Amino acid sequence: MQQYLYLIPAMPLIGFLLLITGGAQFPRYVTAMIGAGSICVSAIIAITMGAQFLLYPPLEGVYHQQLWHWFNIGKLHADIGLQLDAMSLVFVCIITFIGALIHIYSIAFMEHDRDYARFFASMNLFVCSMLLLVMANNLVLLYLGWEGVGLCSFLLIGFWYESEANCMAARKAFVITRIGDTAMIIGLFLLFRELGTLNIREILALAPQYFTTGNTTVTWIALLLLAGGMGKSAQLPLQTWLPDAMAGPSPVSALIHAATMVTAGVYLIARMHTIFELSPFTMHLTAIIGALTLLVAGCSAMVQTDIKRILAYSTISQIGYMFLALGVGAWSAAIFHFFTHAFFKALLFLAAGAVIETLHHEHNIFKMGGLRKDMPLIFRTFIIGAAALAAVPFVTAGFFSKDEILWFAWSAAGGHPLLWVTGLLGAFITAFYSTRLILVVFWGERQTTPGKLPSSAMNIPLVILAIFSIGAGWIHLPHLTQVLPETVLKPAHPEEIIFQFIAIFSTLLGIMTGYMLYYLYPHTIRGWKESEGLMSVRNFFYAGWKFDQLYDVLFVRPFVFITQVNRNDVTDKIYSGIATIHLQLNRFLSVSQNGSLRWYVAGVLIGILFIITLQILR
Amino acid sequence: MAPISAHTVLIVAAILFVLGLAGVLTRKNIIFMLISIEIMLNAAGLAFIAAGSRWQQPDGQIMYLFILAMAAAEVSVALAMVLQIHHQHKTLDVEDLRELKD
Amino acid sequence: MPILFYLSSAVAIIATIMVITRYHPIHALLYLVVSFLAIAMVFLSLGAPFAAALEVIVYAGAIMVLFIFVVMMLNLGKETAAQEKDWLRPAVWIGPGVLTLVLLMEMSILLLAPPQRNVAVAVVTPKQVALSLYGEYIIAVELIGFLLTTGIVGAAHIGKQKKKSLHRFLQA
C-alpha cells in the first residue's frame with residue numbers, strides 16, 4: 001500500500017496543473033469536477049490508507065516512500081520523500097476529508113464567481129502544499145510545503161483582488177507570516193549546522209544524543225522554530241494577520257484559516273517534539289504564549305460584530321489552547337484538539353458563509369437576527385458547531401479535547417495553576433461569545449430578509465461536519481503514542497474528575513452569562529453602552545488589543561520614516577552616478593561621431609602621427 | 001650606372017602618399033577624394049616595388065598586383081556609389097552626406 | 001638609369017601636386033594620367049617592367065576611363081569647377097597641410113635613419129613574377145578573384161537606377 005503514498009499529494013497537484021493551464025477553457029462543471037474530484041480521490045486514498053495503517057500497522061509505525069532526490073549540496077541531501085506515521089495520518093485525513101467537503105461546498109458557494117477555475121486551482125495547490133508539509137520526511141520538503149501554503153493563503157485572501165482592502169489583507173498576511181518563516185529557516189540552518197541532516201527521523205534520533213537538556217543552541221533552534229510556528233498559527237505577537245485574512249471567500253477561511261494551515265505551527269512543534277523537550281525554557285514560553293493568546297483573542301472575539309472576525313479570533317484562541325497543550329508537554333492532547341477543532345471550526349465557517357451568502361453578503365451579526373426559522377438546517381448545524389466551540393459537556397467533540405488540555409495545564413509536568421486558570425477563563429469567554437453569536441444571529445428580530453437558501457451541495461458538507469463535530473470526541477487517537485511521547489504528569493496531582501466538573505461549570509457559566517445578557521436582560525448591555533469606561537475597554541478589545549496600532553507605531557512608521565529620509569536612495573545614487581559619468585563621456589565622444597568623412601580621415605591621420613611619433617621617440 | 005638608393009624611392013613614395021592624403025583631407029568633392037585615394041594606393045604600390053627591387057624578389061611586384069586588383073574593385077564600387085549618391089542627393093559634397101551621424 | 005628615375009620622380013610629384021590643386025575634374029584626371037605614366041617610368045627604372053606595363057594598362061587605362069565615364073555621366077563641368085574654386089580657399093589647406101607635413105617629416109626621419117642600402121637594378125622578369133604568383137601565392141590570387149567578382153556584383157547592384165515601383169493599389 002505504501003507505494004501509493006505519492007498519490008495523496010499528486011492528485012491535487014494534477015488538479016491544480018489542469019486547472020491553471022486549461023481552466024479558462026473548461027466549462028464550469030468540468031472545473032468543479034476536476035477541482036473537487038481530485039481532493040475527493042485524494043481523501044478516499046488517504047482514508048483507505050489510514051484504515052490499512054490502523055488494521056495492519058507497519059513494522060516501524062511508519063509508511064515511507066522515497067520518490068527522488070531533490071538536490072545534493074555538500075552534506076545536504078534533500079529528498080522528495082514522503083512518510084506517513086500516526087500523527088501525519090491524523091493531519092492527512094483531516095486535510096483531505098475536510099478539504100473534500102469544503103471543495104464540494106465551494107462548487108455551490110462560488111457558483112457565480114468569474115474566476116471559478118482560478119479559485120479551484122489555488123485551493124488544489126493549497127491542499128497539495130499542505131499535504132507535502134505534513135507528509136515530508138525532511139525539513140526542506142516540509143519548508144517547501146510551508147511556503148506553498150503561505151503562497152496559497154496569500155492568493156486566496158486576495159482572491160477578490162478588485163477591492164484594495166482584500167489586497168492589503170493578503171499582503172499583511174504574507175508579510176507577517178514571512179517574519180515567522182524567516183525565523184524558521186534560520187532555525188533549520190542552525191539545525192543543519194549542528195546535526196548535519198534535515199531528515200526528520202534522523203534529527204529526532206540524533207538530537208538527544210547530541211544536545212544536553214537546556215543547551216543554548218538547542219534553545220535557539222527551538223525558539224526559532226517556535227517563531228515559525230507562531231507566524232503561521234497566528235499566535236501572539238504575530239496574530240494580527242488572521243482577522244484581516246477573513247477578506248477571502250468563506251470556504252478559504254474554513255479550509256486555510258481555520259482547519260488546516262493555521263495549525264501547521266502545531267504540527268511543526270509536535271513533529272519536532274524532541275528538540276522542544278530538550279529546551280524546557282522554550283516549552284514554558286510556548287505554554288505562556290498559548291495561554292496569553294487564547295485570552296487576548298477570546299476577549300477580542302467577545303466584542304466583534306463581523307461574524308467572520310468573531311470566528312477568526314476564536315480560531316486564534318483555540319490554537320492558543322493547542323500551543324498551551326504543546327507547551328506543557330501534552331502532545332496528544334494538542335493533536336486531539338486540532339482534530340476536533342478542524343471539524344467544528346470548518347463547520348462554523350461554512351455555516352457562516354452560508355448565512356452571509358443568504359443575507360446578501362451581510363457580515364454584521366447585529367443586522368442578522370431571527371434566522372432560526374428562515375434557515376433551519378443552517379441554524380441546527382451552526383448551533384452544533386457553536387456548542388462544540390463552547391465545549392458543551394458530553395455531547396460535543398470540543399468538550400473532550402479542551403477538557404483534556406485544561407487538566408494537563410495543571411497536572412502535567414510542565415503545567416502551572418496559572419496556566420490552568422487562564423485556560424479556564426478562556427473556556428468561560430469561549431462559551432460566552434459562542435452563546436452571544438448564536439443568540440444575536442438566530443434569535444431576536446429579523447433585520448435582513450434572507451435570499452435564496454443554499455443548495456444541497458452546501459448543505460451536505462454542513463451536515464457531515466456537524467455529525468463529526470459531535471462524534472469526533474469519541475474517536476480516540478491512541479496510536480499517536482507511537483509518535484509522540486506520553487505526557488508526564490506531576491508526581492502529586494488531583495483527580496481529573498474534579499477538573500472536569502470545574503470546566504463544565506465554567507462553560508455553563510459562560511453560556512448562562514451570554515443567555516442572560518443577550519436574551520433575558522438585553523437592556524443591561526444598553527446600559528453598559530452609556531458607560532464611557534466600559535466602552536473604551538470594548539473598543540480596545542474590538543481593535544484586537546490595538547496590536548495593529550502598536551505595530552504601526554513601532555515598526556511601520558519608523559520604517560516609513562527611514563524610507564522617507566532615504567528617499568533618494570544613497571546606494572542607488574552611487575550606481576546612477578556611474579551611469580551618469582558614462583553618459584557624459586558618451587556625449588563627449590559622440591561629438592566626434594559627426595558623420596563628416598574628412599573629420600574621420602583626420603582622426604585616422606592623427607592616430608597614425610601619434611603612433612609614428614612614439615616610434616621615433618622610442 | 002650609379003645605383004639608386006632604396007630610401008630615395010621610399011621617400012618619393014612617401015611624398016606621393018602625403019600629397020594624396022592632403023587631397024583627401026582638403027577636398028569636399030567625392031570624385032576628388034576618390035582620385036586622391038588612388039594616388040595614395042599608387043604610392044603604396046611604389047613602395048612595394050621598391051622593396052621588391054631592393055631584395056631582388058618578385059614578391060614586391062605581386063603585392064603591387066594585388067593592390068592594383070583591389071584598387072580596381074574599390075573604384076568600381078565607389079564610382080557606382082557616387083552615381084547613386086548624385087542620383088539621390090543631387091550633390092557630391094561630402095559634408096552633406098551625414099546620415100551616419102550619431 | 002638614375003637620371004631616368006629622378007626625372008620621372010620629379011614629374012610624378014609635380015603632376016600629383018597639380019592633381020590635388022585642380023578645380024576642373026577632367027584637368028585633374030589628365031594630370032593624374034601623367035602622374036601614373038611617370039610612376040610607370042619609375043617602375044621601369046627600378047627593374048620592374050611587368051609592373052610598369054600594368055600601371056599603364058590598368059591604372060592609366062582602365063581605372064582612369066572609369067573616372068572619366070563617371071565625370072561625363074554626371075556632367076561635371078564648369079559649375080563644378082566654380083564650386084571647387086569656392087570650396088578650395090587657401091585657408092582650407094592650412095590644417096591638412098600641417099598634419100601631412102608632420103607625417104612626411106616623421107616618415108623621412110624613419111627612412112633616412114642608417115643604414116642606407118642601394119638598389120642594384122636587376123630586372124625581375126615577368127616570368128619570375130608569374131611563377132611566384134601561381135605558385136606560392138595561388139590562394140591570394142583566388143581571393144583576389146573573389147574580391148573582383150564581388151566588386152563587379154556590388155557595382156552592378158549599387159549602380160542600378162532603381163525605378164520607383166508602386167503597387168497597383170497605391171498608384172493614383
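The area buried between chain A and chain B is about 1000 Å², with carbon and sulfur atoms giving 62% of it. Keep in mind that this is a predicted model.

Colleague: How many residues of chain B are in contact with chain A?

Modeller: Start from the chain A side, which puts 10 residues into the contact. Those residues touch chain B, and the count over there is 13 residues.

Colleague: Which residue of chain B forms a salt bridge with A:Arg598?

Modeller: The rule finds 1 salt bridge across the interface of chain A and chain B. A salt bridge here needs a Lys or Arg nitrogen within 4 Å of an Asp or Glu carboxyl oxygen. For A:Arg598 the closest N and O atoms are 3.1 Å apart, so the pair passes that cut-off. The partner is B:Glu95.

Colleague: By class, how many charged residues does the side of chain A that touches chain B have?

Modeller: Going through the classes, that side has 4 nonpolar residues and 5 polar ones. What's left is the charged class, with 1.

Colleague: How far apart do the C-alpha centres of domain 2 and domain 3 of chain A lie?

Modeller: The domain assignment gives domain 1 as 1–256, domain 2 as 279–473 + 487–520, and domain 3 as 568–617. Taking the C-alpha centres of domain 2 and domain 3 of chain A, the separation is 76 Å.

Colleague: Which element of chain A has the lowest mean pLDDT?

Modeller: Chain A as a whole has a mean pLDDT of 86, and 100% of its residues reach 70 or more. Among its elements, helix 5 (residues 139–157) has the highest mean, 91. At the other end, with a mean of 78, is helix 21 (residues 522–530).

Colleague: Which residue does a cis peptide bond join to A:Leu236?

Modeller: Omega for that bond is about 0°.

Colleague: What is the phi of A:His360?

Modeller: A:His360 lies in the loop between helix 15 (331–358) and helix 16 (376–390) of chain A. Although A:His360 is not a glycine, its phi is positive, at about 55°.

Terms used: Residues are numbered from 1 along each chain as its sequence is written. Chains are lettered from A and ligands numbered from 1 in the order in which they are written. This is a predicted model: local features need pLDDT of at least 70, side-chain atom pairs count only at pLDDT 80 or more; totals for chains, interfaces and linings use all residues. Side-chain values use heavy atoms; hydrogens and water are left out. Domain bounds come from an automatic or database domain assignment. pLDDT is the predictor's confidence in each residue, from 0 to 100. Helices (H or I, at least four residues) and strands (E, at least two) are DSSP runs, numbered from the N terminus. Contact means heavy atoms within 4.5 Å. Buried area is the accessible area (1.4 Å probe) that two parts lose on being put together, summed over both. A salt bridge is a side-chain nitrogen of Lys or Arg within 4 Å of a carboxyl oxygen of Asp or Glu. Ala, Val, Leu, Ile, Met, Phe, Trp, Tyr, Cys and Pro count as nonpolar, Asp, Glu, Lys and Arg as charged, and the others, Gly among them, as polar.
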